[in-house]
Amino acid sequence: MKIRESGILLHISSLPSKYGIGTLGKEAYKFVDFLSLCRCSVWQILPLNVTSYGDSPYQSPSNNGLNYYFIDLETLIEKKLLTLEEVESINWGDDEGRVDYSLIYKNRLGILKKAFERFNRNDESFKKFIKDYPIYKDFAVFMVLKEINNLTAWYTWEEKYRKYSLELEEKIIKEHKDLVLFYIWTQYEFRSEYDKLKKYANDKNIKIMGDLPIYVAFDSLEVRKYPSLFELDEEHFPKRVAGCPPDCFSKDGQLWGNPLYNWAYHKATNYKWWNERINYALSLFDYLRIDHFRGFSGYYAIPFKDKTAKNGTWVKGPGFDLFKDKLDYPIVAEDLGMIDDDFIKFFNSCGYPGMKIVTQAFDDPDKENIWRPSNYTYNFFSYSGTHDSQTTKQFIIEVWQDPKRKKLFLTILEEECKHFRIPFVKTLSEDDLTLKICELNFASGSKCAVVPLQDLLKIGAEGRMNFPSTLSTSNWSWRVKPNLIKKEKETLQDLLTRWNDNYERGDY
C-alpha cells in the first residue's frame, strides 16, 4: 500500500520564543500537537548544525556540532540551572518576527556557561554521554581553539594552533578542561531535549525530516583536522571551491566557497567518512533530505581565488558508488538545479524520492511540463516553495506585475485546478491564490506534500527565509509571531484536515 503523507516546513529557529530564537522547548511541542491535529505526519526542518558567519545552517564550523542556540532556557530554569531573573535580564531583541543574531551571538553562550557552572558534571548520564559520543569531543576542542583565537577562522590562527596535532589536542583538553566539558555539555543538553521532542513527535505519528548539507565550511573542524578528505594544497587552502555556474538568475553564478571533496581518497577508504556522516544524521531524523544531490553526479569546481563563479568547470562525482549500499535509506534527494543525462541515470539508480516545486509550474504552457502538479508521480516530495525561494504570496505578487506572466499563470492554474476538480475563479485574491497553490500541492500524486508555514499563513516577502548566495541580516532570521499561529490555528486545522481527507494523505 502506498502511503501518502503531508507536512509543514518550519525550522527550529523560526518557532516563537520570548528569548530571541526558537528552541526545543514548549513551542516545539505545541507545533507537534498542531501537526497532529491537522493530520500532517512530517515536520521538516533545516540543518541543526551550529552556525557561524552569515548565520547559515549550511555553513557550519562542525558537521556534527548541534546548534546550542536551540537549547531551551525555560528548560534550564526548570532544571534549576538558571533563574528566570537571569534570563529576563538579557536583551534578546524587540522584534518577535526576527532573530537578532548579533544579540544571540553576544548573549547566548554566556547564559549557557552560567547554567553549566551549576551543572553536576559527575552526573552518570553525562559521563556515559561523553563515552558514547566521542564525536562531540572533536567539536568541543575546535570551539575552545576558536575561543582562544577570538572566534576567528582557523586558517588565520598562529602556526602553533593552525595545524592539527594530537599533542596540541591533548594540551587543550588538559589546560582547558572546564571549557571543553562545557561545549560537550551543550551537545548533551541539546540531545537530551531533542531526543525527548523527537520521541514525543514519533509517538504522535509525526516524523521529523532533517537536512544534510552536501558541503562543509572551509572554516570547519573537518577541514582543519581531516585535510585528506578535501582538495587542499600544502598549506591546507582549497584548490577549488563549490558553487553554481551563471544562469538567467545570476550572471556571475553562485560562489559558495566550500572546499571540494577529495573523492579519490573517499573511494579508497570505502567512503568511511560519508557512511558515518549519513548514519549519524539518520540517528537524528526519520527522513533525511540531502542538499544539492546533483553534486554527487557532477559538481561545479571554481578556482579558489576567483571572485565569481564564471570560470568554473564541471567535474564527475562519485555517483552511485557512494549510495549503492544505502538504497533502502529514508533519503530524499534535492534534485533541483541544472541536471543532465548522467545525473538522471544516477538519480534513477538510487531510487530516492526527488523534489517538485509547484511555483515553478507557471512559466511553461506545455501540459507535459514536469513542474505541473498533475504530472507529479509518487516518487517525489512536493512543495509550494522552499527555504531558498520566495514565499508563494510573494511569487504571486511579483507575477502580477507582468501582464503576460499573470495571464499565463491564471491559465495554467485554472487548468491544474480543473484537472483535480478544485473550484477556481479568476477573481481570487492573492491570499486565496496562495492557498490554491498549496491545495494543488496536496492534490498531486507526490509521496509527501510539504508547505512552508509562511505559505499557509499567506505571508509575503517578509517571510522569505533565505536569498541564496547573499549575506543579509534578513537571511535565516524569520520567526512566526506567537499570536499569528494562535489566530489561525482553527482555520488551518480545518483546511489541512480537509485537504488530507480529500487527497488521502496521512497514515491514520
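Two strands are taken to pair if DSSP finds at least two bridges between them, and in this structure, which is a predicted model, strand β7 (residues 298-303) is joined to β8 by four bridges, the two strands running antiparallel. Within this pair, G298 stands opposite K316 of β8. Strands β7 and β8 belong to an open sheet of four strands, arranged in the order β5-β4-β7-β8 with antiparallel pairing. From one strand to the next, the twist averages 50°.

On the side of α5 the contact is made by S125, F126, F129 and I130, while α9 contributes L181, I184, W185, Q187, Y188 and R191. Divided by class, the contact of α5 with α9 comprises seven nonpolar, two polar and one charged residues.

In the other crossing, the axes of α6 and helix α8 (residues 166-175) likewise come within 10 Å, and the angle between them is roughly 80°; α6 and α8 are therefore also roughly perpendicular to each other. Here K137, D138, V141, V144, L145 and I148 of α6 meet E169, I172 and I173 of α8. The residues of the contact of α6 with α8 divide into six nonpolar and three charged, with no polar residue.

Helix α6 also takes part in the lining of a pocket. The second largest pocket of the model has a volume of about 600 Å³, and of the 23 residues that line this pocket, S52, Y53, D55, Y69 and Y105 are the closest to its centre. The elements that give two or more residues to the lining are α4 (101-117) and α6 (135-148), and the largest share, five residues, comes from α4. In terms of residue class, the lining of the second largest pocket is made up of 12 nonpolar, seven polar and four charged residues.

Methods
Residues are numbered from 1 along each chain as its sequence is written. This is a predicted model: local features need pLDDT of at least 70, side-chain atom pairs count only at pLDDT 80 or more; totals for chains, interfaces and linings use all residues. Side-chain values use heavy atoms; hydrogens and water are left out. On a 1 Å grid over the protein atoms alone, a cavity is a set of points where a 1.4 Å probe fits but cannot get out, and a pocket is an open set with protein on both sides within 12 Å along at least five of seven lines; lining residues have an atom within 4 Å of a point. Grid points are joined across faces, edges and corners, and a volume is the space filled by probe spheres set on the points. Ala, Val, Leu, Ile, Met, Phe, Trp, Tyr, Cys and Pro count as nonpolar, Asp, Glu, Lys and Arg as charged, and the others, Gly among them, as polar. Axes are lines fitted to C-alpha atoms, for helices over the stretch in contact, and angles run from 0 to 180 degrees between N-to-C directions. Angles under 35 degrees count as roughly parallel, over 145 as roughly antiparallel, 65 to 115 as roughly perpendicular and the rest as oblique. Contact means heavy atoms within 4.5 Å.
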